[in-house]
Amino acid sequence: MPDWLDAVRQDGLSSFHTLAVGIGRDRDAVIAALALPWKSGVVECHVNRMKMIRRQMFGRAGSALQRRRVLPFS
């Protein structure tokens with residue numbers, strides 16, 4: 001990965017340069033995401049589901065109804 005990042009920085013494509021800067025800034029997180037067996041996909045799914053429910057109910061109902069839709073068995 002370091003060789004690829006250096007090659008991209010020397011290249012003239014600005015979109016890849018921005019990507020390389022972002023990867024370089026979060027280098028430890030990128031290496032951990034590629035190397036470790038743990039993933040956050042399930043959590044991201046639930047977060048996106050709650051955001052969708054919140055957008056659907058915007059201006060229509062209070063937090064009590066939203067809580068019932070997010071946590072239907074409580």
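This is a predicted model: local features need pLDDT of at least 70, side-chain atom pairs count only at pLDDT 80 or more; totals for chains, interfaces and linings use all residues.
1. Helix pair. Helix α1 spans residues 2–10, and helix α2 covers residues 14–25. Their axes come within 8 Å of each other and cross at roughly 140°. The pair is classed as oblique, because an angle has to be over 145 degrees to count as roughly antiparallel. The crossing of α1 and α2 is left-handed.

2. Salt bridge. The structure holds one salt bridge. Asp6 and Arg9 form it, with 3.4 Å between the closest N and O atoms. The cut-off for such a pair is 4 Å. Both partners lie in helix α1, and because they are three residues apart there, about one helical turn separates Asp6 from Arg9.

3. Exposure of the bridge partners. Asp6 has a relative accessible area of 39% and is partly exposed. Arg9 is likewise partly exposed, its relative accessible area being 39%. Neither value falls in the buried class, since that class requires under 20%.

4. Nonpolar patch. Which residues form a nonpolar patch on the surface? They are Trp4, Leu13, Phe16 and Leu19, and together they have about 380 Å² of accessible area.

5. Exposed would need over 50%, whereas membership of a patch needs over 30%, so a partly exposed residue can belong to one.

6. With 28% relative accessibility, Ala32 is placed in the partly exposed class, because buried means under 20%. Ala32 and Gly12 are 20 residues apart in sequence. In space, the distance between them is 29 Å from C-alpha to C-alpha.

Notes. Residues are numbered from 1 along each chain as its sequence is written. Side-chain values use heavy atoms; hydrogens and water are left out. Patches are made of residues with over 30% relative accessible area and no salt bridge: like charges are joined within 9 Å, nonpolar side chains (Val, Leu, Ile, Met, Phe, Trp, Tyr) within 5 Å. Accessible areas come from the Shrake-Rupley method with a 1.4 Å probe; for residues, only the protein chains shown count as cover. A salt bridge is a side-chain nitrogen of Lys or Arg within 4 Å of a carboxyl oxygen of Asp or Glu. Helices (H or I, at least four residues) and strands (E, at least two) are DSSP runs, numbered from the N terminus. Axes are lines fitted to C-alpha atoms, for helices over the stretch in contact, and angles run from 0 to 180 degrees between N-to-C directions. Angles under 35 degrees count as roughly parallel, over 145 as roughly antiparallel, 65 to 115 as roughly perpendicular and the rest as oblique. A crossing is left-handed if the near helix is turned anticlockwise from the far one by less than a right angle, and right-handed if clockwise. Buried means under 20% relative accessible area, exposed over 50%, partly exposed in between (1.4 Å probe, protein chains only).
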